[in-house]
Amino acid sequence: MKIAFASSEVVPFAKTGGLADVSGALPKELANLGNEVKVFMPKYYQINEHEHGHHYDSLIGELKVSVNGHEHSVHVFYGKLPNSNVDIYFIHYPNYFHRNKIYTNDWDEDERFILFSKAVIQVMQKLGWEPDIVHTNDWQTALIPVLLKENYGWDKLFHNAKTVLTIHNIGYQGRFALDSYKKAELPPELYVNNGPLAHEGDSNFLKAGILYADIINTVSETYAKELLTYEMGAGMDSYLWHRYDDFYGIINGVDYSVWNPEIDKYIPYHYSMEEFSGKFKDKQFLLEKFKLPFNEHVPVIGMVSRLVSQKGFDIIEDVLEELLNLDAQFVVLGSGESNYESMFQKAHNTYPKKMGVYFGYSEELAHLIEAGADIFLMPSHYEPCGLNQIYSLKYGTVPIVRKTGGLADTVQDWNEYNELGQEIGNGFSFYDYSGQAMLQSVKRAINDFHNKPVWEKIQKNGMIKDYSWKHSAREYIKLYQKAVSKL
Ligand code: ADP
Ligand code: GLC
């Protein structure tokens with residue numbers, strides 16, 4: 001199949017969260033399965049074409065992309081996803097994409113991604129490349145299915161193309177004034193007088209994608225069910241019900257060529273299930289990095305996260321004092337909302353030997369925490385998939401999670417057994433979204449940390465799990481086939 005994959009972030013070029021990991025890995029696996037894949041992303045200021053060996057695509061040359069009645073002159077850079085044969089096209093329009101952040105609150109945020117979405121379509125036109133599947137991700141590219149039908153429907157190139165929209169996070173919908181649909185130059189009857197694309201009087205790019213994509217999916221089965229509820233659907237539940245027959249859940253895979261303690265290029269000591277001693281040394285190294293005293297009998301609890309309310313920081317706040325009074329140490333790596341930064345900074349100031357913090361983005365520290373910590377804490381309020389708990393499993397770092405979304409699908413509590421009565425637990429989990437429920441799980445984990453045979457069993461149950469993309473990429477192929485066979 002010919003698959004176009006459009007995303008606003010792709011590892012290793014630009015990343016704010018898991019979407020980038022998925023966009024850097026899934027296309028490669030799809031190509032390994034024999035498909036022709038082309039990836040599209042904006043060329044942000046931070047992306048240096050020389051560093052990655054990309055070049056200006058003179059074959060494509062200039063594209064005239066129309067937004068709000070103005071024609072913008074757009075250019076394209078071309079390269080390959082690292083260690084693969086997958087083409088990647090960078091949409092180059094400095095006026096929109098040379099900002100100091102990937103996502104902004106600027107007045108033209110809508111225009112940035114309208115232009116990107118149209119440019120993706122126009123690159124395919126310029127190449128005369130007829131896709132079977134156009135796979136879009138989150139609100140930033142969710143208008144593509146709409147544009148393909150309404151604005152570019154005249155072009156035979158797309159007459160057999162089917163569209164897939166993956167929802168990575170319902171919390172971000174691309175909601176703007178209704179006028180944004182006008183900027184996208186969509187037919188007015190679709191949104192004026194409360195037309196079908198209007199949402200509470202606004203435009204909402206994700207809703208538009210949900211109504212137009214041939215197939216919709218999200219990134220775990222449990223989250224797919226949760227999205228159909230009023231409580232968790234963030235206003236999209238009724239539209240998803242409307243598309244129920246075309247709505248699926250597929251758990252993300254992870255890239256074990258990057259996230260694997262046997263070969264991880266960021267960690268000083270490698271280790272595996274058979275030869276575990278490196279983890280112990282990584283723990284020492286990690287604590288030195290965070291200037292915390294080392295004691296092998298004290299568990300280190302790690303966190304790597306965007307500092308946003310989705311991730312459960314309010315319930316941490318509720319019991320922070322109690323957590324810090326446990327016989328454990330904490331290392332936190334995060335960037336995001338300043339109130340959470342100051343919460344952790346204060347905890348560090350009061351308990352400098354127990355709480356280590358780093359605010360900002362650091363690939364190296366993210367890997368080091370996965371390797372050096374004993375426990376990984378992820379008490380999310382909601383979690384579409386979550387990748388860090390899956391990385392943790394591979395690194396023998398026992399996850400403590402709230403049983404929601406992808407966390408529920410990947411972490412089994414140590415109390416859980418399978419139908420054969422075998423202990424399948426690879427972590428600890430709790431249901432109630434409350435500080436006390438989380439605290440009980442943390443206490444249980446610390447308790448079992450001191451019981452070496454039990455702890456090793458929990459670690460191994462996690463390490464033997466295979467969440468490589470192989471399985472999930474095949475699930476996407478099945479989804480594409482369903483899309484292709486639709487009338
Ligand atoms: P989300 O996409 O909601 O942020 P995921 O768990 O799916 O959550 O993915 C988060 C990804 O971002 C992981 O690869 C994680 O290591 C990375 N990450 C998050 N915060 C940071 C940070 N401050 N520094 C480095 N990597 C981070
Ligand atoms: C989103 C979700 C996260 C998921 C990631 C990749 O950012 O918050 O749970 O793992 O997308 O699909």
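## Ligand 1

Ligand 1 has 22 residues around it, and those that come nearest are Lys15, Gly18, Arg306, Lys311 and Leu387; a residue is taken as near a molecule or strand if one of its heavy atoms lies within 4 Å of it. This is a predicted model, in which local features need pLDDT of at least 70 and side-chain atom pairs count only at pLDDT 80 or more, while totals for chains, interfaces and linings use all residues. Residues are numbered from 1 along each chain as its sequence is written, chains are lettered from A and ligands numbered from 1 in the order in which they are written, and side-chain values use heavy atoms, with hydrogens and water left out.

Polar contacts are pairs of N or O atoms within 3.5 Å; within protein, one must be able to donate a hydrogen and the other to accept it, and residues adjacent in sequence count only if both atoms are side-chain atoms. The side chain of Lys311 places a polar atom 2.7 Å from an oxygen atom of ligand 1. Backbone atoms also take part: a polar one of Gly360 is 2.9 Å from a nitrogen atom of ligand 1, and a polar one of Leu387 is 2.9 Å from an oxygen atom of ligand 1. The protein buries 93% of the 570 Å² that ligand 1 exposes when taken alone (accessible areas come from the Shrake-Rupley method with a 1.4 Å probe; for residues, only the protein chains shown count as cover).

At least two residues of the shell around ligand 1 come from each of α1 (18–32), β13 (300–307), β14 (329–336) and α16 (388–394). Helices (H or I, at least four residues) and strands (E, at least two) are DSSP runs, numbered from the N terminus. Domain 1 (2–253 + 470–485) and domain 2 (277–466) each provide at least three residues of the shell around ligand 1, with bounds from an automatic or database domain assignment. By class, the shell around ligand 1 contains 8 nonpolar, 9 polar and 5 charged residues; Ala, Val, Leu, Ile, Met, Phe, Trp, Tyr, Cys and Pro count as nonpolar, Asp, Glu, Lys and Arg as charged, and the others, Gly among them, as polar.

## Ligand 2

There are 14 residues around ligand 2, and His168, Asn252, Glu383, Cys385 and Gly386 come nearest. On its own ligand 2 has 310 Å² of accessible area, of which the protein covers 93%.

Ligand 2 lies between domain 1 and domain 2, because both give residues to the shell around it. Helix α1 gives the largest share of that shell, 3 residues. The shell around ligand 2 has 6 nonpolar, 6 polar and 2 charged residues.

## Cavity and pocket

On a 1 Å grid over the protein atoms alone, a cavity is a set of points where a 1.4 Å probe fits but cannot get out, and a pocket is an open set with protein on both sides within 12 Å along at least five of seven lines; lining residues have an atom within 4 Å of a point. Grid points are joined across faces, edges and corners, and a volume is the space filled by probe spheres set on the points. The count is 1 cavity of 30 Å³ or more, and the largest cavity has a volume of about 50 Å³. Its lining consists of Met303, Ile316, Leu320, Leu323, Phe330, Val332, Phe344, Met355 and Leu377, with α13 (320–324) and β14 as the elements that give two or more residues. This lining has 9 nonpolar, no polar and no charged residues.

The second largest pocket has a volume of about 490 Å³. Among its 15 lining residues, Phe280, Glu296, Asp374, Phe449 and Lys452 are the closest to its centre. Both α11 (277–289) and α19 (452–463) supply at least two residues of this lining, which has 4 nonpolar, 5 polar and 6 charged residues.

## Backbone features

Most residues other than glycine have a negative phi, and most peptide bonds are trans. Val11 and Pro12 are joined by a cis peptide bond with omega of about 5°, and Pro12 is found in the loop between β1 (2–6) and α1. Asn193, a residue other than glycine, has a positive phi near 50° and lies in the loop between α7 (179–183) and β10 (202–204).
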